[in-house]
Amino acid sequence: MRYTLAEIAAKIGGEVKGDGNRVVTGINSLEAAGPEELSFAEEKFLKEAASSRAGALLVPRRKHEGLSQDLILCDRPFQAASMIMAEIDAAAQFLPPGISATAAIGENVSLGENLHIGPGAVISDGADIGDRSRIYANTWIGPGVKIGSDCRIYPGVVIRENCVIGNRVIIHPNSVIGSDGFGFLQIGGRNVKIPQIGRVIIEDEVEIGALCTINRAALDETVIGRGTKLDDHVHLGHGVKIGQEVIMCAQVGLSGSVRVGDRAMLGPRVGSVDRITIGAGARLMANTATAKDLPGDRDYGGIPAVPAKQFLRQAMALTHLPQDRKRITALEKKLRELEKTLAALQQQDTA
Amino acid sequence: MRYTLAEIAAKIGGEVKGDGNRVVTGINSLEAAGPEELSFAEEKFLKEAASSRAGALLVPRRKHEGLSQDLILCDRPFQAASMIMAEIDAAAQFLPPGISATAAIGENVSLGENLHIGPGAVISDGADIGDRSRIYANTWIGPGVKIGSDCRIYPGVVIRENCVIGNRVIIHPNSVIGSDGFGFLQIGGRNVKIPQIGRVIIEDEVEIGALCTINRAALDETVIGRGTKLDDHVHLGHGVKIGQEVIMCAQVGLSGSVRVGDRAMLGPRVGSVDRITIGAGARLMANTATAKDLPGDRDYGGIPAVPAKQFLRQAMALTHLPQDRKRITALEKKLRELEKTLAALQQQDTA
Amino acid sequence: MRYTLAEIAAKIGGEVKGDGNRVVTGINSLEAAGPEELSFAEEKFLKEAASSRAGALLVPRRKHEGLSQDLILCDRPFQAASMIMAEIDAAAQFLPPGISATAAIGENVSLGENLHIGPGAVISDGADIGDRSRIYANTWIGPGVKIGSDCRIYPGVVIRENCVIGNRVIIHPNSVIGSDGFGFLQIGGRNVKIPQIGRVIIEDEVEIGALCTINRAALDETVIGRGTKLDDHVHLGHGVKIGQEVIMCAQVGLSGSVRVGDRAMLGPRVGSVDRITIGAGARLMANTATAKDLPGDRDYGGIPAVPAKQFLRQAMALTHLPQDRKRITALEKKLRELEKTLAALQQQDTA
């Protein structure tokens, strides 16, 4: 990267205040940026910005006093920085279009234009991949899988037969889509496998972290709705239905047939039993686990899940618990003494 | 799939009630099935079955009134459906026998008949693979590994040196068998690796989910007994010994040298410290963690694990905890007042 | 393996007591070792050693009475055994130097001497790999990645662009280094990806388990310090900074920008919110989760984390909670009775 501030201002719709000819060679955090680098500060970080070594800063139009650096004024500094970061990212991750000679392409495969298919990738019979998608090395795309356009399927990803992936979907390395759900019939003391013949549907703009498992349904479909984002190590059981623009942090695990409404946010390691519903807009704190439906647009915490405020009160009360037990014992002792005193008094009165 | 009801009845040992010539082209859930599809209902779902759009139904011989669809009567509808699903599954996952030209086959390798070895698979020196096993693409089978017959080793699975896999074993994508256990000696402030030279033994009919890690023992063996089933993201430490027909749900993590008895059922995210024993037939609720032995044939919950009934009582009591603290404070106040009143009364009496 | 006891004694700086010409063909645990095998016992296991079937034993120089086996006396038996185990391990995992014909080597790649690069490995443009490192089959080494000397990068590992791996680093199968951190801007009800353009730095002698995810920083760096060891399924968010000689057990998950000091020990499934600091030498019990900084050199447990002693007291108190609720109710009842009695007495006195 090598841009003048004037060039960057033009890209992001900003306005230079200072030397528009200053050249920056990268973008970095306020702490780490050097004099050749651009950084950025929302209004609440202007103080930190003042002491940053960054040569130039993206700052809010409406408030940016007290800064000695060359500035680019804009509406949303972090969002503007993201646009520059996206350009650097695209260059760092560039892969030329083309199909590697060591990729294994099956029969009746439909391939779009300007695709990249990496070394050792396996594209099975009947698969269909859209324009400009990048299928990295050593992936396995099963029979009948459909992948949209502009997707990134990172190395080692496995997508089992007949799953459907939308457009602009990102799947990070070594994740597994459409693996068998976990279902067994107990017959004569043995666990007998229930075949899993459904599939997984992943809608447009979904992002799935590294090392996730999205199980295929036993019958019908597991669905992840448009714009939903999963962090690493997330597990979704068979038949799970996730809404749109949902956020799931790392190590979340949802059992079979769970439903999650639009815009819900699940913190790290959230879990649930099967067949329950987490409402739209619900927010679950880290480590929350639920065995019951949770109505939407509220905050939850704890095992089992309760409203977040109650969980925080419980957690606080828990720290006092050993001491409270002593208080109960002291009360019991005092009460016994009081009873004795009172009995003595009654006897005395009677006497 | 394209069968008449008469053909399906013959396959599963059932009896047609209605039009035996009706053709069905798939099998689906009561909710999702259409008029060309077969569905199934155990006795308790006959009401839902009555309103299903399915063209035909597998239903119990002894009870099936009130249904307008064409029926196949049988002893266990879900089990019968599973037989049909297995056939569909086998077709969807069919791989032709043969060894891919891009597989890397080492020296002194012993290969059975009608094997499939996929593109990019690595079969290391001295490995031994039984008849009809399917070793998918981009797997890594280490030196001296033995795999039985009729196994499915999905893409990206890694099996390290000298591990032994039985017959009819399924290992889902990107799981790692026989990776080093986690052991270090502290020498002069440094963590020095204890080499892990044992192995893993996986017995017949075991199924291991996607993205599991089964660590090799430091010495001797890690063992998973016959018929045991592991969901995705399960971690077994070095030297763990698992009995037969055990069920482990997703994200279970057991530390080194833990023993689990036959038919135990471990819910999602169950954990344990090293060297303890979970008895045969024990059932652990989701999120249970234990630092002590748990006798078999009982239910457990909580961190640390206690009998399930007690855990549920504790969890219930926990929700009252903030309020109970106030009750204690109120008691203390009242008691102080009572003491004062009594003291006044005593003084009055004395006077 | 086939050594006389005299040969082993020479290797480890020990002294034979008994038949130095006795040949042993392996090393095993006290329980599992047979008459042809060597075993070992620290002082506290000498009783178990006496009844072991092992043909020979590594035992402490200063204490070893009551044993009928041939002995090798040494300062630290387990450490001596580890030396022999390391030799067996090296032989079992031997890979000849060389670059597989099916590896894909990019442009401007710098390769050291006596490297192994396995089948299907992808070494991207500008990567740099040091002497004697072993890059196993089906790995993906991204553009500009630097890997030091004497590393082991097991099958299926993915290292994204520009990450830096030190010397003598071990990364177990299917782990993912430098995958995108999890960051989004909410713009108009949509989650818009924040590009992750930082990198990961892994210092010398680090060991990373199987199926771990170490996310690249949004900007600047995620760092794992020298000698730190991670078990399987560990997740480190973007910008995390881990000190030296830290131990992290399986399934640990740390959110973005968390700092962990030198020699800290994190038990299984430990978690934290983002941006907090866990002090040097802190020890966190299994399942601990923290939303606040934890000062170093102390023990912690619980969700939320409290000092370990307090957590154990809380956990103990929790088991009494249902019964304690009954005690409170009983106290309330008795107090009401007492109040009545007292009121009656007062009235009587007045009368």
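Predicted model: local features only at pLDDT ≥ 70, side-chain atom pairs only at ≥ 80, totals over all residues.
Let me begin with the arrangement of the chains. Two copies of a chain are related by a rotation about an axis and a shift along it. In this model, chain A is superposed on chain C by a rotation of 120 degrees, with 0.0 Å of shift along the axis and an RMSD of 0.1 Å. The two copies are thus related as by a three-fold rotation axis. For chain B on chain C, the rotation is again 120 degrees, the shift along the axis is 0.0 Å, and the RMSD is 0.1 Å.

I turn to the interfaces, starting with chains A and C. How many residues does each chain bring to this contact? Chain A contributes 59 residues and chain C contributes 55. On the side of chain A that touches chain C, the elements giving two or more residues are α3 (77-92), α4 (308-319) and α5 (321-350) of chain A. Of these, α5(A) supplies the largest share of that side, 13 residues. Sorted by class, the side of chain A that touches chain C holds 29 nonpolar, 19 polar and eleven charged residues.

The next contact is that of chains B and C. Here 55 residues come from chain B and 59 residues from chain C. On the side of chain B that touches chain C, two or more residues each are given by β20 (176-179), β21 (184-187), β22 (190-193), α4 (308-319) and α5 of chain B. Helix α5(B) gives the most to this side, with eleven residues. The class division on the side of chain B is 27 nonpolar, 19 polar and nine charged.

Let us look at the helices themselves. Two packed helices are described by the angle between their axes and the distance between the axes. Helix α5 of chain B and helix α5 of chain C, each spanning residues 321-350, pack at an angle of about 25 degrees, and their axes are 10 Å apart. Angles under 35 degrees count as roughly parallel, and α5(B) and α5(C) are therefore roughly parallel to each other. The crossing in which α5(B) passes α5(C) is left-handed.

Which residues meet there? From α5(B) they include I328(B), L331(B), L335(B), L338(B), L342(B) and L345(B), together with charged side chains such as D324(B), R327(B) and K334(B). Among their counterparts in α5(C) are R325(C), I328(C), E332(C), L338(C), E339(C), L345(C) and D349(C). By class, this helix contact has twelve nonpolar, three polar and seven charged residues.

A second pair links chains A and B. Helices α4(A) and α5(B) pack at an angle of about 50 degrees, with axes 8 Å apart. At that angle, α4(A) and α5(B) are therefore oblique to each other. R313(A), Q314(A), A317(A) and L318(A) of α4(A) make this contact with L321(B), P322(B) and R325(B) of α5(B). The contact of α4(A) with α5(B) has four nonpolar, one polar and two charged residues.

I come now to the strands. In chain B, twelve strands form an open sheet with mixed pairing, running in order from β7 through β10, β13, β16, β19, β24, β27, β30, β33, β36 and β38 to β39. Its edge strands, β7 (98-99) and β39 (306-307) of chain B, each pair on one side only. Strand β38 (299-301) of chain B pairs with β39(B) in the antiparallel sense over two bridges, and G301(B) has V306(B) in β39(B) as its bridge partner.

The loop between β38 and β39 of chain B holds P304(B). Is the peptide bond from I303(B) to P304(B) cis or trans? The bond is cis, with omega near -5 degrees. In chain C, I303(C) and P304(C) are likewise joined by a cis peptide bond, with omega about 0 degrees, and P304(C) is in the loop between β38 (299-301) and β39 (306-307) of that chain.

Finally, a hairpin in chain C. Strands β21 (184-187) and β22 (190-193) of chain C run antiparallel and are joined by four bridges, one of which pairs F184(C) with K193(C). Two residues lie between the strands of this hairpin, and G188(C) in the turn has a positive phi of about 55 degrees. Thank you.

Methods
Residues numbered from 1 in each chain as written. Chains lettered and ligands numbered in written order. Least-squares fit on C-alpha atoms with pLDDT ≥ 70 in both. Contact = placed C-beta atoms within 7 Å. Axes fitted to C-alpha atoms, helices over the stretch in contact; angles between N-to-C directions. Parallel < 35°, antiparallel > 145°, perpendicular 65-115°, else oblique. Left-handed = near helix turned anticlockwise from the far one by under 90°. Pairing = 2+ DSSP bridges.
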